[in-house]
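Let's walk through this one together, a stop at a time. Have the viewer open and follow along.

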Amino acid sequence: MADVKPLTRLRDLPGPHGLPLIGHSYQLNNEQFHLTMERWAERYGPLFQIRLGLSRVAVVSDNEMIQHILEQRPQSFRRNHVIEDRFTEVGINGLFSAEGENWRQQRRTVVAALSRTRLANFFPKLKVTTARLQRRWEALADGGSSVDICNDLTRFTVDVTMQLAFGVDPNTLETPGPVIQQHLEKIGPGLQRRFFTLFPYWRWVRLPPDRALDRAVKVLEQEVEAIVHATRESMAAHPDHGPANFLEALLTMAEDNSSKLTSADLLAYTSQLLLAGEDTTSYTISWIIYYCIKFPEAFTRIRREVDGVIAPEAALSKLEQAHQFPFLDAFCNEVMRLKPVAPNMALETLEDTEILGCLIPKRTRLFVLLRHVATREEHFAGGDCFDPERWLSSPTGGNKQPHHPQAFVPFGAGPRICPGRNLAMLEIRAVLAMLCRNFDLEPVKPDTEVKEMMAVVMRPDQLHLRLKRRSVTSNVSPRASTAMAEREF
Ligand code: HEM
């Protein structure tokens, strides 16, 4: 009879040396922990262990295994329980951090609220919001001021998400002075600090970052409470209208006693949807703009493509135009492969599980390294190089550079895949098309490599640039530019 190889134990897996009692927490409790994990994966392979305090954590960077893990949610794996605990503690346990029946119930409502039909109806409002961003950037260009790209784009994404999901228009893009984003931006870093902190000291002592987090959550709660109140009143005034957005769907559910939805749940679900949609999309667009500066020839090529579709000094005017940019889409994919806002995911086993020949006990925490997989040579040829061409089809069919599509999951995969991905891609195309058609880009510090910083999501640190109104000579009409594009490519 053939020998059956016994399963390795988690404690016997390779891994970096940690300190007694605290393990590796001190190496990970910072804004660049994702880079440390990727370095370790390079050294210790597709499955290794680290310790957070006394708990052993498995770190996985095997593509097929990651696919399996993501697909087998919610029955065999969940998000790391620390995520749910920390969000619950600040009163924002929405769809991203929820588990079990709570997750199932929210998921249906969120998916319906972000469906393609809802997006198509929403397009006119997206156009108006993009035009506001254009006016804001024109004013900065005319004044010669630098643009804090992440900040401006977060204004844009908050305005978009609030209009689509809650039916209100905060117009933060045109609001001078403090806006809600200044508080929202404290929430990610505040929570990130707590993910790796072994002892929950904040339950007894509030340090300055905890007080900043408290203040930010309070402002968010007040904003959302006011919106919920106004929406309740408007629904009462129009009882015959069906729910038109996410918030109205929740309020309709809350009326139904069988749903057991409390006011606190309403606030939590609504606040977290806003958080899930803002930073992710604004930082993704910021990374894309950074790559437009780093690769000016590719930027010129995107421009030619955009010039062939939309009029000078304009932006997307019809939804169909958003799907006429194959090179822009390839460029965005390539940026999201190298600079995904979620380079890893923190999960947990719900049952004893075998992973790559190792027995991983129930309730073990896991990190899956999504970016590491997407940059491996075996999945993407020249994996570290920026090459948008790899996403384009060759004349004979297939991609010019063979790649493993499943190794690229910027929006996650399986039953918990990002429900906002279509909205996000529409926002990305709308902003990029407007930017290309109207502005020239100039970095403020040309030779400085922009650093990656993790605060729940990965953002570019200190990305400032100057915009100039696009020179008239390069701003050709759609018809002329199509002819040029055909000649040159
Ligand atoms: C480029 C922008 C975005 C990126 C890269 C992104 C990425 C992700 C990722 C990686 C996940 C985890 C998926 C998984 O566990 O498999 C996720 C979940 C989620 N995203 Fe996004 N996202 C983006 C935009 C948005 C937008 C615009 C919204 C809504 C307005 C949104 C709402 C959510 C929600 C609610 C979840 C939790 C889903 C669940 O656990 O069932 N995201 N997103």
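Leaving aside its neighbours within four places in sequence, which residues is Q32 in contact with? Contact here means heavy atoms within 4.5 Å, and the answer is K451, E452 and M453. Before going further, a word on the ground rules: this is a predicted model, where local features need pLDDT of at least 70, side-chain atom pairs count only at pLDDT 80 or more, and totals for chains, interfaces and linings use all residues. Residues are numbered from 1 along each chain as its sequence is written, and side-chain values use heavy atoms, with hydrogens and water left out.

Back to Q32, which you'll find in the loop between α1 (25–28) and α2 (33–44). Helices are DSSP runs of H or I with at least four residues, strands are E runs of at least two, and both are numbered from the N terminus. Q32 and K451 sit 419 residues apart in sequence, yet their C-alpha atoms are 9.2 Å apart in space. Q32 has 27% relative accessibility, so it counts as partly exposed (buried is under 20% relative accessible area, exposed over 50%, partly exposed in between, with a 1.4 Å probe and protein chains only).

Now compare R132, in helix α6 (residues 116–143). Its relative accessibility is 10%, so R132 counts as buried. Beyond the neighbours within four places in sequence, R132 touches Q163, D169, N171, L173 and E174.

Next, the ligand. There are 28 residues around it, and R73, R79, W103, R107 and C418 come nearest (near means a heavy atom within 4 Å). By type, the shell divides into 17 nonpolar, seven polar and four charged residues; Ala, Val, Leu, Ile, Met, Phe, Trp, Tyr, Cys and Pro count as nonpolar, Asp, Glu, Lys and Arg as charged, and the others, Gly among them, as polar.

Finally, follow α15 to its contact with helix α12 (residues 296–307): the axes come within 9 Å and cross at roughly 100°, so the two helices are roughly perpendicular (65 to 115 degrees). The contact is made by F299, I302, R303, V306 and D307 of α12 and A433, C436 and R437 of α15. Those residues divide into five nonpolar, no polar and three charged.

Conventions: Axes fitted to C-alpha atoms, helices over the stretch in contact; angles between N-to-C directions. Parallel < 35°, antiparallel > 145°, perpendicular 65-115°, else oblique.
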